[in-house]
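Visitor: Could you take me through this model slowly, and tell me what stands behind each term you use?

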Amino acid sequence: MTPQDAPLVARVLPDVSGLEKRFDYLVPDTIRDQVRVGTMVRVQLGTRRVGGWVVALGPADGSVPLDRLKPIAKVRGWGPSSELIELAEWAAWRWCGRLRSILTVASPERAVARIAASSRSEVSPSGEVPRSCVVRVPAAVDPYAALREICDRGPTLVVVPSVTAVQVAAARLRGDGFSVAVMPDGWMQAAGGVDVVIGARGAVWAPCDGLTAVVVLDEHDE
């Protein structure tokens with residue numbers, strides 16, 4: 001039997017408050033092509049069926065008899081990418097937090113069965129973005145010009161402190177020809193590929209394929 005033909009086992013973190021343990025489940029052949037790291041699933045946990053995230057995936061290694069593994073009951077849809085799962089694991093360790101809390105923020109609010117087609121502009125990036133910088137502007141100066149210049153350089157994730165400011169900035173960016181996904185409702189479009197992903201603070205966990213820059217506006221806004 002080749003590794004491709006071997007039974008597939010998914011390690012799942014249940015979406016259950018106070019539970020951080022991961023459990024192994026068998027991936028049925030009928031949904032094998034739908035399951036990847038980050039996929040949101042439903043599994044049997046004790047006497048109830050709960051949601052969860054696939055946080056690891058691989059062929060059965062024989063350490064646990066297959067007849068002891070319950071199968072994944074259902075694929076709910078797309079979830080965070082494997083890169084975001086890895087980042088969330090680190091963040092939960094770094095700040096002694098719960099991985100479940102981070103993955104909840106990083107996931108779509110409603111089940112996403114398919115990813116939207118890319119609506120990214122056919123424009124070549126205009127230059128390299130510094131790895132890290134802080135731009136300070138006086139309170140009376142509109143920071144939009146600096147934001148637009150950064151967004152011209154490639155896929156950009158923008159974090160704004162208020163929902164109202166998010167809507168205003170998104171409208172201006174669209175007016176200048178950028179494709180924009182506003183989080184959290186635009187999760188499916190963001191995962192498909194857009195020029196700018198924008199939202200309030202939770203948007204730092206949004207998908208942004210080909211990420212060039214992260215812009216945090218008014219970082220210390222109360």
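Guide: Gladly; this is a predicted model, and its chain holds five helices and nine strands. Read from the N terminus, the elements follow the order β-β-β-β-β-α-α-α-β-α-β-α-β-β.

Visitor: What makes a stretch of the chain count as a helix, α1 for instance?

Guide: A helix has to be a DSSP run of at least four residues, and α1 covers 82-94 while α5 covers 187-192, so both qualify as helices under that cut-off.

Visitor: How do you know which residues line the second largest pocket?

Guide: A lining residue must have an atom within 4 Å of a point of the pocket. The second largest pocket, with a volume of about 350 Å³, has 18 such residues, and those closest to its centre are Pro80, Ser81, Ser82, Glu83 and Pro207. Both α1 and α5 supply at least two residues of this lining, and the largest share, four residues, comes from α1.

Visitor: What makes a residue count as buried, and what percentage of the chain is buried?

Guide: Buried means under 20% relative accessible area, and 37% of the 222 residues count as buried.

Terms used:
Residues numbered from 1 in each chain as written. Predicted model: local features only at pLDDT ≥ 70, side-chain atom pairs only at ≥ 80, totals over all residues. Heavy atoms only, no water. 1 Å grid on protein atoms, 1.4 Å probe; cavity = no way out; pocket = protein on both sides within 12 Å on 5 of 7 lines; lining within 4 Å. Points joined across faces, edges and corners; volume = space filled by probe spheres on them. Buried < 20%, exposed > 50% of the residue type's maximum accessible area, 1.4 Å probe, protein only.
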